[in-house]
Amino acid sequence: MRIDVLGAVRALGDDGTRVDLGGPRHREVLARLVAAEGRLVTTDTLVGDLWLEPPARAVGALRTFVAALRRALEPERPPRTPPRVIVTEGPGYALRLPREHVDVHRFEDALTRTRHSPGAVTDLGAALADWRGPAYADVPDSPWAQRERNRLEELRLAALELRAGILLDSGHGADLVAELGAHVTEHPWREPAWGLLARALHRAGRQADALATLRRARRVLADQLGLDPGADLRRLEADILTGPAGGTPWTGAAVRLGPRTTVDLARTLALAGGDALVHSRRDRLAAIQAAERTGDLPLTARIIGAYDVPAIWSRADDPAQSQAVVAAAERTLTRLGPDGPADLRARLLATIAVESRSADLAAAELSHARQAARQAEALARELADPALLAFALNGVFLQSFTRPGLAATRDGIGAEILDLATRHDLPNFAVLGRLVRLQSASARGDLDTAAAHAKAADELAATTEAPLVAVLTAWFRARVTAARSTEPGGPTAATAAAQYRAAEEALRTAGMPGLHRGLFPLALLGLRLLHDRAAPTDQHLDWGPYLHWARPHVLLAQGRQEEARAALAAAPEPPHDHVQEAMWCLTAHAAARLGERSVAARAAAALRTAREEDAGAASGMLTLGPVAKYSAKAEACAAQE
């Protein structure tokens with residue numbers, strides 16, 4: 001069995017005959033499972049991806065599609081034996097086929113191998129030949145399909161350029177002129193493609209045409225992008241002018257094309273969210289590892305520091321990967337030494353600060369990350385580099401959760417990021433500045449100012465193609481509804497809960513598990529506390545990293561008072577993150593209800609500097625109400641004789 005999606009979706013039997021997959025919906029279900037790369041896709045996700053407005057019997061229809069696909073893909077499977085290709089797994093389905101049996105997986109694997117080992121270029125050429133048109137060509141233009149098409153098209157272009165570079169480096173490639181000429185015509189903004197075409201012309205003995213191509217690249221880049229050619233193109237032009245036509249292979253930066261291309265692509269894909277964001281993180285680490293293998297220290301430093309994707313949340317999506325990035329940055333920084341290039345050191349330090357998310361760190365690691373943030377900021381200011389300073393300030397922001405009650409400090413950081421980004425045309429950091437200021441205004445209960453920042457962030461996101469922003473602002477608007485549900489004539493608590501649920505659906509597939517896990521139950525708990533109601537007790541709720549502080553409330557709601565007391569005693573000090581005020585308020589509230597004076601006193605002391613803020617609202621995504629309410633209860637409990 002073989003499945004192809006690089007073009008129209010199709011399946012071929014072992015004898016090469018086409019398998020009748022059924023109608024468009026059947027093919028779309030199969031395509032969505034292919035895109036998940038063997039991971040579980042929940043029923044809810046599949047329904048949401050198939051229908052903009054799911055019909056009443058959507059789940060039943062989905063099961064019908066899956067059953068039909070199973071019959072088509074495994075026609076010889078005996079009755080009542082479990083399927084082996086599309087398997088049921090937990091609350092959804094997964095595709096179980098060897099990667100070499102799916103064309104898109106063969107392509108991605110060949111690209112990865114070739115980036116690490118140029119000797120695999122033949123496999124990459126074969127994988128490129130499998131493309132029959134745009135990926136998922138006959139799948140409707142739904143958000144998931146559009147993300148995958150964009151991601152795979154970027155990979156295809158990168159693969160074309162990687163293959164051409166390797167062939168030219170090996171002394172071949174004169175026959176690539178027509179292919180690269182078409183590539184440049186279709187994608188004139190891709191600077192590496194111009195260099196490859198010029199090299200192919202030079203390889204074919206056409207020195208004048210090669211130089212003319214580089215002059216044309218200069219004009220196109222200036223006219224369309226307002227850019228001068230990069231160092232590689234300038235160096236190539238000098239080499240062609242001084243070297244014999246068709247002479248020795250170009251050796252400028254060929255070995256380095258893999259990691260540099262990979263990290264640039266990863267930066268682009270990171271803003272798309274969903275599976276693209278997951279792949280972006282994976283490819284970024286692969287690029288770093290490839291750069292380290294070259295032994296080129298400045299290259300490795302540039303690759304590590306090039307991924308200046310703005311980060312807004314204080315908990316990592318993939319802690320193990322973040323630790324690996326930090327470790328690589330630390331190794332490279334040590335090898336550069338204190339006298340290394342200041343810009344490279346600043347980027348490495350900023351990377352350490354951004355990747356060392358405060359919620360995941362012990363005290364010593366927190367201190368080290370905060371020191372890295374301060375050093376990166378100082379170096380960036382000395383260098384007067386606006387983009388570098390914006391990146392460094394992102395690290396300062398993420399390391400600013402040292403204690404409760406620092407919303408005003410973070411607002412100042414966000415204001416400077418926004419000012420830098422506005423004056424120096426850094427749109428992605430302008431979005432970050434808006435979101436930081438949104439969070440800060442939300443924490444201070446200034447919902448009108450926060451709403452203005454949310455609107456501005458949405459407008460910027462439309463021009464920077466950053467769909468994740470709308471996910472965050474949808475949560476903010478649910479947080480506003482929750483707060484106003486306590487006002488006379490305001491929306492109902494049920495309306496706020498429904499908005500939280502809608503926001504949760506969007507976040508679930510956004511590729512940000514560090515943000516997603518536990519957020520929805522925490523939002524519901526906050527909504528219930530706003531209305532003096534007991535905690536939700538649904539056993540299916542995943543409290544994620546917030547379980548320690550929510551558990552006493554869940555047990556109290558179930559009437560299990562002594563267990564709640566034990567859970568409160570076992571709860572650790574909240575981590576220094578976006579919701580630390582909320583966790584302290586949960587501790588204060590449970591301690592007051594249980595009469596635990598020492599715990600209440602500890603919570604009251606922690607909250608003393610945050611009395612003017614709203615609990616949980618520093619996230620910009622939920623609220624438990626004013627910190628002062630919880631602080632007062634804790635102080636009253638602690639003062640009891």
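Modeller: A cavity is a set of grid points where a 1.4 Å probe fits but cannot get out, whereas a pocket is an open set. The model shown here is predicted, and a search of the whole structure finds six cavities of 30 Å³ or more. About 600 Å³ of space lies in the largest cavity.

Biologist: What makes a residue count as part of the lining of the largest cavity, and which residues are the closest to its centre?

Modeller: A lining residue has an atom within 4 Å of a point of the space. For the largest cavity 31 residues meet that condition, and the closest to its centre are Val 309, Pro 310, Ala 311, Ile 312 and Met 512. Among the helices that each supply at least two residues are H12 (274–294) and H14 (319–336), while H19 gives the most, with four residues. By class, the lining of the largest cavity has 20 nonpolar, four polar and seven charged residues.

Biologist: How many charged residues does the lining of the second largest cavity have, and how do you know?

Modeller: About 80 Å³ of space lies in the second largest cavity, and its lining includes Ile 312, Trp 313, Gln 439, Thr 473, Ser 619 and Gly 620. H19 and H21 are the elements that give two or more residues to this lining. Asp, Glu, Lys and Arg count as charged, and the lining of the second largest cavity divides into eight nonpolar, four polar and no charged residues.

Biologist: What lies around the second largest pocket, and which helix gives the most to its lining?

Modeller: About 1,100 Å³ of space lies in the second largest pocket. Of the 33 residues that line this pocket, the closest to its centre are Thr 42, Thr 45, Arg 508, Thr 509 and His 516. Helix H22 gives the most to the lining, with five residues, and the classes are twelve nonpolar, nine polar and twelve charged.

Biologist: Why is Thr 332 called buried?

Modeller: Buried means under 20% relative accessible area, and Thr 332 has a relative accessible area of 2%, so Thr 332 is called buried. Thr 332 lies in helix H14.

Biologist: Which residues does Thr 332 touch, not counting those up to four places away in sequence?

Modeller: Contact means heavy atoms within 4.5 Å, and with residues up to four places away in sequence not counted, Thr 332 touches Glu 292, Leu 297, Thr 300, Ala 301, Ile 304 and Leu 348.

Terms used:
Residues numbered from 1 in each chain as written. Predicted model: local features only at pLDDT ≥ 70, side-chain atom pairs only at ≥ 80, totals over all residues. Heavy atoms only, no water. 1 Å grid on protein atoms, 1.4 Å probe; cavity = no way out; pocket = protein on both sides within 12 Å on 5 of 7 lines; lining within 4 Å. Points joined across faces, edges and corners; volume = space filled by probe spheres on them. Buried < 20%, exposed > 50% of the residue type's maximum accessible area, 1.4 Å probe, protein only.
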